[in-house]
Amino acid sequence: MIILGAGGHAKVLISALRMQSEEILGATDADVGKHGRLLLDVPVLGDDEEILKRRAESIYLVNGVGGVLVHPLRRILFERFANRGYRFASVTHPSAVVGADVALSEGSQVMAGAVIQPGCHIGKNAVINTGAIVDHDCHIGDHAHIAPGVTLSGGVRVGEGSHVGAGATVIQGIQIGRNSLVAAGAVVIRDVPDGVTVAGVPAKEIRATT
């Protein structure tokens, strides 16, 4: 495996992979100041061109870029390498609780202490971060990020590329559109359209997400 990115989220992933005795060849990062250094005990090999030196079928990639709000870098990296035939590993921390019938798509990541109940679908390259609770029959779209401490009640749908901020609560049956942002600590009791930011208790639209 090779980790894309050498920041904080990458460290969390390395820790989870080490607990599962996975072999990590190294990490890559655009920051030349990190090249040749160790991230935990993993060498930073260089930039992403290091990946292209290896045959797609010979490695798995792990997307170590954190989902910062709705910034597209995480999605761009995933699509760039997936389109070239590279495969992304899904990562589930050993302490996470994942229902037996939960569908985890390629490149999805479930961090320490997260709970995903039965009937859920987690999209490609999506993150269920530390301590998040995703109750029954939720659908999390591709490239979405459910931040630490979020609670999603049953039947919630989170659209592609959206970010639900730390500690937010979404009541049952709510739909959150594509590329939208739910601010940290918000309580969402109404559907959220595509491409907007909502905040507060109860959550209200404060601006378009651009």
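Student: What makes His143 count as buried?
Tutor: Buried means under 20% relative accessible area, exposed over 50%, and partly exposed in between, with a 1.4 Å probe and protein chains only. His143 has 12% relative accessibility, so it counts as buried. This is a predicted model: local features need pLDDT of at least 70, side-chain atom pairs count only at pLDDT 80 or more, and totals for chains, interfaces and linings use all residues. Residues are numbered from 1 along each chain as its sequence is written, and side-chain values use heavy atoms, with hydrogens and water left out.

Student: Is Ser21 buried or exposed?
Tutor: Ser21 has a relative accessible area of 67%, so it is exposed. Ser21 also has a positive phi, of about 60°, although it is not a glycine. Its place is in the loop between α1 (8–19) and β2 (26–28).

Student: How do you know that the buried residues of helix α3 line one face?
Tutor: In α3 (residues 73–82), the buried residues are Arg74, Arg75, Leu77, Phe78 and Phe81. Seen down the axis of α3, they fall within an arc of 165°, so they line one face of the helix. The arc is that of the directions from the helix axis to the C-beta atoms.

Student: What makes Phe78 and Phe88 a tilted pair?
Tutor: Rings of Phe, Tyr and Trp (its six-membered ring) pair if their centres lie within 6.5 Å; planes under 30 degrees apart count as stacked, over 60 as edge-to-face and the rest as tilted. A search of the whole structure finds two aromatic pairs. In the pair of Phe78 and Phe88, the centres are 4.5 Å apart and the planes are at 35°, hence tilted. This pair links helix α3, which holds Phe78, to strand β6 (residues 87–88), which holds Phe88, 10 residues apart. Phe78 and Phe88 are buried.

Student: Why is the pair of Phe81 and Tyr86 called edge-to-face?
Tutor: The ring centres of Phe81 and Tyr86 are 5.7 Å apart and the planes are at 85°, so the pair is edge-to-face. Both residues are buried.

Student: How do you know that the radius of gyration agrees with a compact globule?
Tutor: The radius is taken over C-alpha atoms, and the globule rule is 2.2 Å times the number of residues to the power 0.38. For 210 residues a compact globule would be near 17 Å; the protein chain has 17 Å, so the two agree. Buried residues make up 47% of the 210 residues.

How values were computed. Helices (H or I, at least four residues) and strands (E, at least two) are DSSP runs, numbered from the N terminus.
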